[in-house]
Structures are given as C-alpha cells and as structure tokens.
Amino acid sequence: LDGLVGDLIMLSAIEGAAPVKAAAVHLKPLAQGCADKIMAAARRKRVALGVSVSGALRTRVEEKHLAQALNHLLDNAVKFTPPGGAVRIRARGLKREVKIWVEDSGIGIPRAELPRVFERFFRVAKGSAPRNPGLGLHLVKKIVESYGGRVSVKSRLAGGSSFCLSLPSAPSKNPRKRLD
C-alpha cells in the first residue's frame, strides 16, 4: 500500500507539470543500488541479476525519479521471470542520449498487448499479479517523458522482455573517455 501511495504521489507531481530538477546522475551506482534493492527477491526466486553499466555514463534527471523507474522495471522483471532465468540492466551512451535497458528471460508479453503496456491501470490479462493496479509501467513512461526521454519495449511470449529508457546524456567529466 505504501508503494502504491508513493507511486500516486509521484504520478500526481509529474502530471501536475511541476518543474523537474534535473542534475547529472552517474548511472553505474544508481543501477547497482536498484539491483541491490531487488537482489534478495531475485535470489529467493533463483533469478540471476546482473548490471553492465560503464562508470562514465551520466544522464540529466532527478536521481530518485530514475531510481523509481528502474525499481519498477526490475521488480516486474524478477516477478515475471521463472526460476533459473536472468535479469540484466545494461546501458550505452550515444552522442546526445543514454539508453538503459532492463532485460529479462521471463514469460514475455503477448504482441497484441505491447502497444498498451504503458497505459494507466492496464494489466496484461494472463500472468498479472492480482493486486497490481497497473500503475508501474505508466509511471515509468511519465518519469522518462518528463525529462524529454522515450521508453519502449520489445517482447515475445516465453522469450522475455526488454524495456529501453532513452534519456538525455550529461557530459562526461572526461569528454575523451569512451561512453560504452
């Protein structure tokens, strides 16, 4: 219930057009912190969890917002990945944006449902957690869009899912350093 209330408060703030306070955020420690938060659940379920993010990658967001988006994606990935499967966060820096993927080897999403997964209160009928109100992916989309980014998903049944967040990059402290 606390999580749902927190999601509703954040969604209200983002949709209320309150200005976001973007700052340069280092992705590696943020991604690792999010993975650490879900690690116990992954271990209980025997799901391998990995992080592959360069220390040089930075984006311009409010750290708690991006953490909340990644936490939702990781929670879903672990929840819908069968024992023995894998979940991974990876990222790559491009010229003007950073792409962050949360990938799993889970049950996948039916093709017909993909266009709707980011809608408010939408739940994929088969396999949805019964108490899931369908706000998590909608909140992920709203967070990413509030920073001028995009979110997308690729998935196939029994073949896993890959959610991609594209966000504006923040200049590296060492501009000569390769970003990927």
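Here is a short walk through this predicted model, from its sheet to its helices and then to one serine.

Let's start with the sheet. Strands pair through backbone hydrogen bonds, in either a parallel or an antiparallel way. Here, 5 strands make an open sheet with mixed pairing, and the order is β2-β4-β5-β7-β6. At the edges sit β2 (48–52) and β6 (150–155), each of which pairs on one side only. Ignoring direction, neighbouring strands are turned by 15° against each other on average.

Now look at one pair in that sheet. Strands β4 (residues 86–93) and β5 (residues 97–104) run antiparallel and share 7 bridges. Ile89 stands opposite Val102 of β5.

Helices come next. α2 lies across β2, β4 and β5, and runs at about 180° to β2. Helix α4 (residues 136–146) also packs on the sheet, where it touches β6 and β7, and its direction makes about 25° with that of β7.

α2 has a helix partner too. The axes of α2 (residues 27–45) and α3 (residues 63–79) come within 9 Å and cross at roughly 30°. An angle under 35 degrees counts as roughly parallel, so α2 is roughly parallel to α3. Their crossing is right-handed. Among the residues making the contact are Leu30, Cys34 and Ile38 of α2, along with Leu66, Leu70 and Leu74 of α3. Sorted by type, the contact residues are 13 nonpolar, 1 polar and 5 charged.

Finally, back to the sheet for Ser162, which you'll find in strand β7 (residues 161–168). Is Ser162 buried or exposed? Its relative accessibility is 18%, so Ser162 counts as buried. Leaving aside residues up to four places away in sequence, Ser162 touches Trp101, Val102, Glu103, Ser152, Val153 and Lys154.

Note on methods: Residues numbered from 1 in each chain as written. Predicted model: local features only at pLDDT ≥ 70, side-chain atom pairs only at ≥ 80, totals over all residues. Heavy atoms only, no water. Axes fitted to C-alpha atoms, helices over the stretch in contact; angles between N-to-C directions. Helix = DSSP H or I, 4+ residues; strand = E, 2+ residues; numbered from the N terminus. Parallel < 35°, antiparallel > 145°, perpendicular 65-115°, else oblique. Left-handed = near helix turned anticlockwise from the far one by under 90°. Contact = heavy atoms within 4.5 Å. Nonpolar A, V, L, I, M, F, W, Y, C, P; charged D, E, K, R; others polar. Buried < 20%, exposed > 50% of the residue type's maximum accessible area, 1.4 Å probe, protein only. Pairing = 2+ DSSP bridges.
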